[in-house]
Amino acid sequence: MPIKHVVTIITLLQGCYMRGTPARWVLFLHGVFTVPIKIMFIWLIVVSLFFVILFGFGLFGRQKGLTKSLKHVMGTVSNQQTDLSAVNALFVTAHPDDECMFFAPTIISLVHLNATVHLLCLSEGNYYNQGSLRKEEMLNSCAVLGIPGSKVSIIDHKNLPDDPIAQWSVSLVSSVISQHIKMNSINLVLTFDGQGVSGHANHTAIYKAASHLACTGQLPIECCLLSLETVGLIRKYLSLLELPLSWLLPSSLCCVTNSKGYRQAKTAMLCHRTQLLWFRYLYLVFSRYMFVNTFHIIPQGPKNLKMY
């Protein structure tokens, strides 16, 4: 089937979800496509309706399920029950716009659970000499997501440039993250995994630094580290159709947003006006990271272990 038809079908299915008018789209498509494409479309409709029904019912238990999962994840590290109002979460990102492009579903979920949410961004995004403007855009984005400006820290360090070929010092990044954790009594850290979602060197450097802190036992005993799962290219751009996979495949924590949360995430992304090239609009429609985040625990090693 031609790729343009696949794109059309996924876009229309998303329209069904966002507007709740599947019948209108079905009538519109009648007679437009050839028989094989109609059969494929009907199959997608059946699968999607089944998924939407599950998703609709799942919304009633989503908050309870997320609460249970989060308590389990944090209890795994601290060996004690955690009151979610006492969760002090820190998202560690590399550039302005990372917070809404990759972490929006989780930020929105944690804010909704009344957790305290901090954001540490390790550069101003000054690759095109727009650092001051991007900093302002990020503060506006965070306000939309529910993170107050007082909880947002943006690092401007000459050895941490916004550059896809720059090799950030693991020691320096580890030190910045560690200081921020101790200064704000953080007990939950969420950041990229070893592939950094997009493979950006600055993203993967943060994971290396977080892993270094974990394996050398330099974190408070009650602090839990989670890495955002990088998925393959096809899953990454399946939009809503990827959600069943995220639910079924194993992960330590799965955060799913609803239509209201998606609109909130999209509004946050639109705050980054300097980044709104044509492909960003496609990302808003097709990226699964606008709807769901899955995380894995970064295991911690013995406390105060020296690395030589």
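Helix H7 passes helix H8 in a right-handed crossing; a crossing is called right-handed if the near helix is turned clockwise from the far one by less than a right angle, and left-handed if anticlockwise. The model you are looking at is predicted, with local features needing pLDDT of at least 70 and side-chain atom pairs counting only at pLDDT 80 or more, while totals for chains, interfaces and linings use all residues. Residues are numbered from 1 along each chain as its sequence is written, and side-chain values use heavy atoms, leaving out hydrogens and water. Helices (H or I, at least four residues) and strands (E, at least two) are DSSP runs numbered from the N terminus.

Let us stay with that first pair. H7 covers residues 170-184 and H8 covers residues 201-215; their axes lie 8 Å apart and they pack at an angle of about 70°. Axes here are lines fitted to C-alpha atoms, for helices over the stretch in contact, and angles run from 0 to 180 degrees between N-to-C directions. H7 and H8 are therefore roughly perpendicular to each other. The cut-offs for such words are under 35 degrees for roughly parallel, over 145 for roughly antiparallel, 65 to 115 for roughly perpendicular, and oblique for the rest. On the H7 side, Val170, Val173, Ser174, Ile177 and Ser178 meet Ile206, Lys208, Ala209, His212 and Leu213 of H8, where contact means heavy atoms within 4.5 Å. These residues divide into six nonpolar, three polar and one charged; Ala, Val, Leu, Ile, Met, Phe, Trp, Tyr, Cys and Pro count as nonpolar, Asp, Glu, Lys and Arg as charged, and the others, Gly among them, as polar.

Now turn to the sheet. Seven strands form an open sheet in the order S3-S2-S1-S4-S5-S7-S6, with mixed pairing; two strands pair if DSSP finds at least two bridges between them. Strands S3 (152-154) and S6 (253-256) stand at the edges with a single partner strand each, so one side of each has no neighbour in the sheet. From one strand to the next, the twist averages 20°. Within the sheet, S5 (residues 224-228) and S7 (residues 292-297) run antiparallel and are joined by three bridges, and Leu228 has Phe295 as its bridge partner in S7.

Helices also lie against these strands. H5 (residues 104-112) lies across S1 (88-93), S2 (116-121), S4 (188-192), S6 and S7, running at about 85° to S7. H6 (residues 131-145) packs on the sheet and touches S1, S2 and S3, its direction making about 160° with that of S3.

H6 has a helix partner too: its axis and that of H11 come within 8 Å and cross at roughly 170°. That makes H6 roughly antiparallel to H11. Ser141, Val144 and Leu145 of H6 make this contact with Gln264, Ala265, Thr267 and Ala268 of H11. By class, the contact has four nonpolar, three polar and no charged residues.
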